[in-house]
Amino acid sequence: MTQPIIQLSGLDKFYGNFQALSQVDLDIKTGEFFSLLGPSGCGKTTLLRSIAGFETPSAGSLYIDGQSMDGVPANKRPTNMVFQSYAIFPHMSVAENVAYGLKARKLPKAEIKTRVTDAIAMVGLQGFGERASHGLSGGQRQRVALARALVLKPRVLLLDEPLSALDKKLREQMQSELRQLQRAVGITFVLVTHDQEEALTMSDRIAVMFDGTIAQVATPQDLYGQPCSRRVANFIGMMNFLDAKILSTSGETVDVDVQSFGKLTLPLGQATGGLEGCDAVGVRPEMLTILTGSQTAEREIEAVVSEVFYYGDMTYYDVRLPFKEESVTITMRNTAGRSILGVGEKARVGWSASSLLLLK
Ligand SMILES: Nc1ncnc2c1ncn2[C@@H]1O[C@H](COP(=O)(O)OP(=O)(O)O)[C@@H](O)[C@H]1O
Ligand SMILES: [Mg+2]
């Protein structure tokens, strides 16, 4: 196995008495598109800036490409950072902005020219080299910032919420371009985002952070399908929770008493964060089905529709299950011929034991 490009272990960061990072252990693989995801204030930027060398950790070790970064200043690290507010120089042309770091390194003029032209093309700004930067749109300015970082050929590109200032449509377009760009250049990207959809659609792997700690590191599919706690499950998409009481364990299974669903035996693997402290069962809205006509399911429970949200292609139902106060959400695809239930109607809800997660 090749050595991870970034290795963090036991990383702490204090600002005065306030602990912004606590015992962060993390390996990021070479060539990976890696995201740091978490709510505002959880320490994402602090972690990224520590990797870049703009912050000095209070404890722990940081290796990049097998080298300890202790005492190595930001400009001597094989990393480059793209900031949230793409700080490009408005009085310079696009090409001058992109060339800036290369000129500072005193590279030969001819090499600078080729590399700048290549980098500008890479981010889709061919022909914009002589343009003034102040006249560019937000998306174009962000491309210039990207080109300026990529032209230096860093081993790792660090991106702190680079798309958050763009409107939704442009942001989605840039997400897909950024992903393609990362594949094309093969550089390790570490992206900070608070947007779970952005992290899911773009990343090879994601670290979910809360309160200065890493809660889980996994691929998007594993994070969504096997979250290790209620908190992670709630942050990544929608999840219904039912109270659950562990009755006993034996070998590879656990017996639980679940609100509304009753007594069940589940494989231990469905306690995705371990059994200790589990007090709820989680089930994703698309794992529940509203049965129609002669449709059947592995298990069935009677419910009453309390709210209906029609989205055209999908309908979101809130339903009341027996013995449960809060409603449960079910998402259904509106396939041909499927009728939509109304508020107050009875619904047969299909579910299966294999789609339940036992969570703490
Ligand atoms: N220079 C600083 N001095 C004091 N507190 C800071 C400093 N930088 C960040 N913090 C605090 O550290 C916490 C984490 O901040 P940050 O890493 O910016 O979070 P995120 O990027 O996830 O929003 C926040 O509570 C923030 O207020
Ligand atoms: Mg931040």
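Predicted model: local features only at pLDDT ≥ 70, side-chain atom pairs only at ≥ 80, totals over all residues.

Q: Which residues surround ligand 1?

A: Ligand 1 has Y15, F18, A20, G38, S40, G41, C42, G43, K44, T45 and T46 around it.

Q: And which element gives the largest share of that shell?

A: That's α1, with 3 residues. Both β2 (18-28) and α1 (44-52) supply at least two residues each.

Q: OK, switching to helix α5. What span should its 18 residues have?

A: At 1.5 Å a residue, α5 (residues 168-185) should span 26 Å, and its end C-alpha atoms are 25 Å apart, so the two agree.

Q: Which residues of α5 are buried?

A: Q175, L178, L181 and Q182. They cover an arc of only 135° around the axis, so they sit on the same side of α5.

Q: Why would residues three or four places apart point the same way?

A: Because an α-helix has 3.6 residues a turn.

Q: What do the buried residues of α5 pack against?

A: They pack against β3 (33-37), α3 (109-122), β8 (188-193) and α6 (196-202).

Q: And which residues are exposed on the other side of α5?

A: Over there you have K169, S176, Q180, R183 and A184 exposed.

Q: What about just after α5, what phi does G186 take?

A: A positive one, about 70°.

Q: New topic: L136. Where is it?

A: L136 is in the loop between α3 and α4 (138-150).

Q: Is L136 buried or exposed there?

A: L136 is buried: it has 20 other C-beta atoms within 10 Å, and 20 or more is what counts as buried.

Q: Leaving aside neighbours within four places in sequence, which residues is L136 in contact with?

A: R131, R141 and V144.

Q: Last one, zooming out. Which domains is the protein chain divided into?

A: Domain 1 covers 6-225 and domain 2 covers 285-353. Their C-alpha centres lie 42 Å apart.

Notes:
Residues numbered from 1 in each chain as written. Chains lettered and ligands numbered in written order. Helix = DSSP H or I, 4+ residues; strand = E, 2+ residues; numbered from the N terminus. Expected span 1.5 Å × (residues − 1). Buried ≥ 20, exposed ≤ 12 C-beta atoms within 10 Å, placed from the backbone. Arc of directions from axis to C-beta. Contact = placed C-beta atoms within 7 Å. Near = placed C-beta within 6 Å. Domains from an automatic or database assignment.
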